[in-house]
Amino acid sequence: MSETPKFKVTVDNISIEVPAGTTILNAARMIGGEVAPPAMCYYSKLKDSGGKCRTCLVEVSKGSEKDPRPMPKLVASCRTTVMDGMEVKNITSEKVLDARKGIVEFLLLNHPLDCPVCDQAGECDLQNLSYEHGSEGTRYEFKRRTFEKEDIGPYISLHMTRCIMCFRCVYAADQLTDKREHGILERGDHAQISTMLNKALDHDFIGNVIDVCPVGALTDKTFRFKNRVWFTKPMDAHRDCSHPNCNGKVRLWMRGEEVFRVTARKDKWGEVEEFICNECRFHKKQTKDWVIEGPSLIARSSVISQGHYVGTNKSNVLINKVIGKEPRHMLNIHDVSDVNRLEIDLSKIEGPAHSNDFKPNK
């Protein structure tokens with residue numbers, strides 16, 4: 001059997017070889033850091049996801065070695081496969097940054113300003129996206145669309161007003177359960193996530209739609225309004241689960257000895273590593289139910305890791321490779337300051353430094 005050929009692709013001036021058939025988004029994720037475009041609808045664990053939100057748009061400045069012409073429009077990196085010799089611009093393209101800013105504005109047109117009360121705050125992909133790529137204000141002057149609250153089941157709270165129609169929850173329910181009970185109703189600006197019958201979402205694995213939702217549209221009823229994620233400490237834990245399709249590996253969100261909620265473990269892209277059952281998620285809220293392995297590895301840039309310095313990992317800094325040279329400092333503060341002199345290491349001065357006893361460390 002022949003091996004899959006390798007294609008060389010360059011993203012933001014960083015080259016990498018990937019198997020043929022790899023999407024631009026996944027190639028960029030192999031490089032990592034800021035080079036990887038954001039994604040609100042694509043989910044690697046869910047088949048056919050992607051192509052809905054357009055936040056992952058990139059500029060293809062060179063199609064391939066055989067056809068070096070640039071693609072005429074920005075393309076969705078989650079749906080476009082690489083070609084040998086392809087060159088892609090993400091954060092190095094003004095077109096991409098401007099388009100992404102407009103896409104964030106569209107996603108926020110009807111989104112309610114309820115971050116202070118939303119349970120997703122602190123781990124919301126839309127919140128992060130708006131801070132990194134959005135505008136300070138809005139030009140929208142019309143009434144935002146709202147939806148009536150409905151009871152869709154015993155475990156999950158649906159707040160449709162926050163939904164950005166990424167379809168992740170629909171794909172998750174379709175692929176993880178044997179009978180999907182919810183989906184997209186209506187069309188156009190009237191489209192919404194809903195069920196035909198109240199209290200219908202009660203499948204053993206339906207709780208996973210909470211983990212795949214990038215915003216606060218689907219939240220855990222057992223955790224609702226109980227605490228903020230940055231006040232809790234994430235701990236990896238496991239148990240011998242009786243469900244044949246659940247391995248029992250979870251993340252506990254604890255405060256002291258109290259377990260406030262249970263979720264599946266997620267990777268650095270915010271995607272579930274392995275889906276878990278409802279029994280682990282909703283019914284095992286005692287520390288005695290779990291074998292606690294230790295603090296979860298959370299990216300240092302996340303608000304969840306603030307104050308939890310054990311087990312944090314710092315994201316790689318790739319800006320030097322992206323711009324192709326070392327950053328040049330425009331001003332050396334030591335040349336213009338009488339206090340911050342270059343030959344003095346402030347951390348090694350004995351005792352507090354005052355104006356009358358400040359001397360260089362020899």
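**Close-up views of a predicted model**

View 1. Cys277 is buried, at 2% relative accessible area; buried means under 20%, exposed over 50% and partly exposed in between, with a 1.4 Å probe and protein chains only. The model is predicted, with pLDDT of at least 70 needed for local features and 80 or more for side-chain atom pairs, while totals for chains, interfaces and linings use all residues. Residues are numbered from 1 along each chain as its sequence is written, and side-chain values use heavy atoms, without hydrogens and water. The closest cysteine sulfur to that of Cys277 belongs to Cys241, at 3.5 Å, too far for a bond. The structure holds 0 disulfides, a disulfide being a pair of cysteine sulfur atoms within 2.5 Å. Cys41 is likewise in no disulfide, and its nearest cysteine sulfur, in Cys53, is 3.6 Å away. Cys41 is buried, with a relative accessible area of 2%.

**View 2. The open sheet of 4 strands.** The strand order is S12-S11-S10-S13, with antiparallel pairing; strands are DSSP runs (E, at least two residues) numbered from the N terminus, and two strands pair if DSSP finds at least two bridges between them. Strands S12 (258–264) and S13 (291–295) stand at the edges with a single partner strand each, so one side of each has no neighbour in the sheet. Strand S11 (residues 249–255) is joined to S12 by 6 bridges, and Arg255 has Glu258 in S12 as its bridge partner.
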